[in-house]
Amino acid sequence: MSSSEFYNPEFEALSRAEIENLQLERLQHTVEHCYAGSRFYHERLDSIGIKPSSITSLDDLRKIPFTTKQDLRDTYPFGIASVPLSKCVRLHSSSGTTGNPTVVLHTQRDLEQWANAVARCLYMVGCRPEDVFQNTSGYGMFTGGLGFQYGAERLGMLTVPAAAGNTLRQLKFFKDFRTTVVHAIPSYAARLYEVMCEQGIDPRRDLALKTLVIGAEPHSEDTRKRIENMLGVKAYNSFGMSEMCGPGVAFECKEQNGLHIWEDYYIVEIVNPDTLEPVPDGEVGELVLTTINREAMPLLRYRTRDLTRILPGDCPCGRQHKRLDRMKGRSDDMIILKGVNIFPIQIETILMQFKELASDYLITLETLDDNDAMTVEVELSDMFIDDYGALQRLEKEITRQLRDEILITPKVRLVPKGSLPKSEGKAVRVKDLRKQYQ
Amino acid sequence: MTVNQLSIFIENKSGTLVKVLKTLKDEGIQLIASTIADTAEYGICRIICSSPAKAYEVLKAAGVAVSLCDVFAIELDDEPGRAADAIELFSREGISIAYLYSFLLGGKGVLIFRTDNAEKATKVILDNKLKYFEEKDLSKLA
């Protein structure tokens, strides 16, 4: 493949040895920067007797302790940053009001590098300045909004920040603006097709769509194929997380076989989540990322809790940047639903505030008509109300409070005490019937 | 003027009602009246029975979500229009009926109901000299 397919040939075309040289140089710089600017990292490195000068090879990275989501919460809001706040220009934060959210800071340079990474991803799957890019992702704190916006603009596409929802308007924009590239979560892509059918729109005949970027919600290969067939597009898997910046961390190339992770931005490790020892390429483990191209808030050996593996072998596209397989699940209990990250503890905290409820609950995730849905079953306690109206009000109030917390409206079902399944005395909290991790 | 009623939360799933009724049967408790309204996912089974306090204990012990509450029980003569007359008295005072059911017991018509204002309802019953049942009357008839 010719280098005209590369957005940043100086980085995308590097050989393995060149990537690793660059990584070592950037790692050393990052550790120095964290040690000098971040009290958190300074204390942490001091506590184990490591100086930036101790890092003389990529293997030395393993001397540095892991950074966890808990570290981000413990240092909330700004405690992990490596630059003064006056140098920061953007903040993104995770959703949820239970416990401290995680905050990610960006300098102007970080935003530029982030936009470049997203532009590189989009260019890789054939997007060019002639294209019209419509983003159906939520904007605001959700990084899929602004992240793709800046990346698509950087590439030079006409960019339509349609944002989430209002499907009829999305379709009108597709038609009127001759949209060619769409970013959507997989379940929304299916919804778009459903409404096209209702409206008598044949995407192949009436629209100009050719590329779909799907991410933020794990999905199976079958789902991708189905979406491609429905919309008559090529669909590419996008991977990112707000702790790393957002979208643009890893992305499929035209081979659609694994997501290239940009190794000039990140050092990838896959570790056994129990022993935390590295696993060989090809074996599934927890993805651990070190940012080596960030200023405001570099993270050293961040445990993403996502389970995946490195695909062994070279990619025919010519890029030597390693490929991640589709995400295989989580090493914690985080739920990803419609692009929103949810921890069962958030739901539990809300439920426990209702004296009408007993302590057991069950969260069921399933795909209904191509849409991911959450049902929360809760057991009524003995304090019982003899009134349908009161039961319905109770259901409504639980639903409302859950929606405020997790930003998704679950279906709440009241069930009798003792009716939810238990396994070996320990309550089963989450039942995931979706086929997302296949 | 009130009797004890069991209110039981029943999931809309086969077998849940049987469990409740068998628990009562095993204790030799007799049903006098019962009612369940249909909703999509759950129902409230309301039961008037021979020994409500005991029924409450055994159901609770069996892990059933149950409550014991007081509901009004008035006696109606067995002729057309008596229910309408009675309910009108409450309606005139602006009292709403939350739910109501009726049955015949020992040749007498029994109207069971719950209102949104127990105090006002009590006054209506007394002022109009309506005939009513106490818990002990029911168990005698049963």
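Biologist: Where is the place of Arg305(A) in chain A?

Modeller: Arg305(A) sits in strand β12, residues 302-308 of chain A. Helices (H or I, at least four residues) and strands (E, at least two) are DSSP runs, numbered from the N terminus. This is a predicted model: local features need pLDDT of at least 70, side-chain atom pairs count only at pLDDT 80 or more, and totals for chains, interfaces and linings use all residues. Residues are numbered from 1 along each chain as its sequence is written, and chains are lettered from A and ligands numbered from 1 in the order in which they are written.

Biologist: What is the phi of Arg305(A)?

Modeller: Start with the general idea. Most residues other than glycine have a negative phi, and most peptide bonds are trans. Arg305(A) has a positive phi, near 70 degrees. Asn166(A) also has a positive phi, of about 50 degrees, and is not a glycine. Asn166(A) lies in the loop between β4 (158-160) and α7 of chain A.

Biologist: Which peptide bond is cis?

Modeller: The bond from Tyr76(A) to Pro77(A) is cis, with omega near -5 degrees. Pro77(A) is in the loop between α4 (69-74) and β1 (88-93) of chain A.

Biologist: How many helices and strands has chain A?

Modeller: Chain A has twelve helices and 23 strands. Of its 438 residues, 44% count as buried. Its C-alpha trace spans about 70 × 60 × 45 Å along the principal axes.

Biologist: What radius of gyration has chain A?

Modeller: The radius of gyration is taken over C-alpha atoms, and the globule rule is 2.2 Å times the number of residues to the power 0.38. With 438 residues, a compact globule would come near 22 Å; chain A has 23 Å, which agrees.

Biologist: Which residues have the most contacts inside the largest nonpolar core?

Modeller: Definitions come before the case. Two residues are in contact if their C-beta atoms, placed from the backbone, lie within 7 Å. A nonpolar core is a set of buried Ala, Val, Leu, Ile, Met, Phe, Trp, Tyr and Cys residues joined through C-beta atoms within 7 Å. The largest core has 83 residues, and Val118(A), Leu122(A), Ala189(A), Leu212(A) and Tyr266(A) have the most contacts inside it. Helix α5 (residues 108-124) of chain A gives the largest share of this core, nine residues. Another core, of 51 residues, lies apart from it and includes Leu357(A), Leu414(A), Val20(B) and Tyr42(B).

Biologist: Which residues of α12(A) are buried?

Modeller: First, the general idea. An α-helix has 3.6 residues a turn, so residues three or four places apart point the same way. In α12(A), Leu391(A), Ile398(A), Leu402(A) and Ile406(A) are buried. Seen down the axis, the buried residues of α12(A) fall within an arc of 45 degrees (taken from the directions from the helix axis to the C-beta atoms), so they line one face. They pack against β17 (340-342), α11 (344-351), β19 (371-380) and β20 of chain A. The face turned away carries exposed residues, including Gln392(A), Arg393(A) and Lys396(A). Just after α12(A), Leu407(A) takes a positive phi of about 70 degrees.

Biologist: Which residues of helix α2 of chain B are buried?

Modeller: In α2(B), residues 52-61, these are Pro52(B), Ala55(B) and Leu59(B). They cover an arc of only 55 degrees around the axis, which puts them on the same side of α2(B). On the other side, Ala53(B) and Ala61(B) are exposed.

Biologist: How many residues does the contact take from chain A and from chain B?

Modeller: The contact takes 13 residues from chain A and 15 residues from chain B. Strand β20 (residues 411-415) gives the most to the chain A side, with three residues.

Technical notes. Buried ≥ 20, exposed ≤ 12 C-beta atoms within 10 Å, placed from the backbone.
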